[in-house]
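Here is a short briefing on how the strands of this chain pair up and how far the model's confidence reaches. Please keep the sequence and the structure in view as you read.

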Amino acid sequence: MRHAWQVVCCLITAAAGAAGAGEESPAPPKPQPPAAAAAAENLIRNGSFEIVAKDKRRAENWGQGGRFQKDDTTWGVDDTTAVDGRYSYRLSGTAGRYLNVAQSIGDNLVSAWTRPLRLSVWVKTKDIAEGPGQYPAMFGIWTHPQKGWNSGTINVARVRGTTAWTRYERVIRREDFAWLGKRAKTEDRLPYRWEVRANLTNQPGTMWIDKVELVRVAETPLAVALDSKAYFADRKTARLTATVRHPDAKPDAGWTLHVRVLDGAGGENCARDQKVAGELVRVELPLSPLAPGRYTVAAELRNAENAVVAEAEMELNKVNGPFADF
Ligand SMILES: [Ca+2]
């Protein structure tokens, strides 16, 4: 697992650069579990809106968009309500108007995006109306082409009515955006700019947001599933599907999945090796040699040097048929 770990460290370092932290790191990061490291790294700057600009209305690192007016009071940091620290950010709309607050998540982050990200936000709303053309209070990721308007959105929150502070989250994978590439008819319509954004469209209500977090999720490199919870005695094979999510497990990298069926005493009943040629690996396990009972299916993800990179196991039950006693 040492190798996988180093990859995580590199990604986190790259992400910190993308976020423009601009701070020197005097010592290399201390080894710690990947999950803990990912949780500590919020890729959103000033996600809690605690750093207020000199005008005492804007939040540093966030930009306003849409038809806002500088001298009105419909947007800005708000110290009357918050879930974290002193400030939240408020958008108060009016009918026929469009308002948003957004932060670019940058090309560097997107190009280094090899692991899923979890975007979360706290939202509170007041009087978000439901009528023709009145969109809910929305929060999520917006993408834009090189020229022009939206090329796509991924929603994390869509809220109507009046609600207390509520946390919303969504795990986002790069493949979630694949449809954007398919939809774009020409290259200049492909997603080019990426941002995290809250917006109100034609909406007289108010929304507040606070504690925006975008973190890398430490993904399990190997997960296994069987096609049934239990197999009757007349079933000849069990089908196992393994999901392999590891940046180095490329189709030509020579990785294999080694699967064994073990009985209660740890005895091996069968073993199969399957080449890893994609994210999904399917293995057929013979059931005929097994007496009815409970077994463990143990899977190992092995690299080209035959070193075990990840392990997973699950239970397999073989049962007598429903009419076996008759
Ligand atoms: Ca806050």
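Strand S17 (residues 293–302) and strand S18 (residues 308–319) are antiparallel partners joined by 10 bridges. Strands pair here if DSSP finds at least two bridges between them, and the elements themselves are DSSP runs numbered from the N terminus: helices are H or I with at least four residues, strands E with at least two. This is a predicted model, in which local features need pLDDT of at least 70 and side-chain atom pairs count only at pLDDT 80 or more, while totals for chains, interfaces and linings use all residues. Residues are numbered from 1 along each chain as its sequence is written.

**Around S18**
- Glutamate 300 has glutamate 311 in S18 as its bridge partner.
- S17 and S18 make a hairpin with five residues between them, and asparagine 306 in the turn has a positive phi of about 70°.
- S18 also pairs with strand S12 (residues 231–232), this time in the parallel sense over two bridges.
- Phenylalanine 232 is bridged to valine 319 in S18.

**The open sheet**
- Five strands, in the order S1-S4-S9-S6-S7, form an open sheet with antiparallel pairing.
- Strand S1 (63–66) and strand S7 (152–159) are the edge strands, each pairing on one side only.
- From one strand to the next the twist averages 25°, where axes are lines fitted to C-alpha atoms (for helices over the stretch in contact) and angles run from 0 to 180 degrees between N-to-C directions.
- S1 and strand S4 (residues 98–104) run antiparallel and are joined by four bridges; glycine 65 has asparagine 100 in S4 as its bridge partner.

**Strand S5 and its partners**
- Nine of the 12 residues of strand S5 (residues 117–128) are buried, meaning that 20 or more other C-beta atoms, placed from the backbone, lie within 10 Å of the residue's own.
- S5 runs antiparallel to strand S8 (residues 161–172), with nine bridges between them, and arginine 118 has valine 171 in S8 as its bridge partner.
- Nine bridges also join S5 to strand S10 (residues 206–216), again antiparallel; here serine 120 stands opposite glutamate 213.

**Confidence**
- The protein chain has a mean pLDDT (the predictor's confidence in each residue, from 0 to 100) of 82, and 82% of its residues reach 70 or more.
- Over residues 1–25 the pLDDT is below 50, and the stretch has 30 contacts beyond near neighbours in sequence, a contact being two residues whose C-beta atoms, placed from the backbone, lie within 7 Å.
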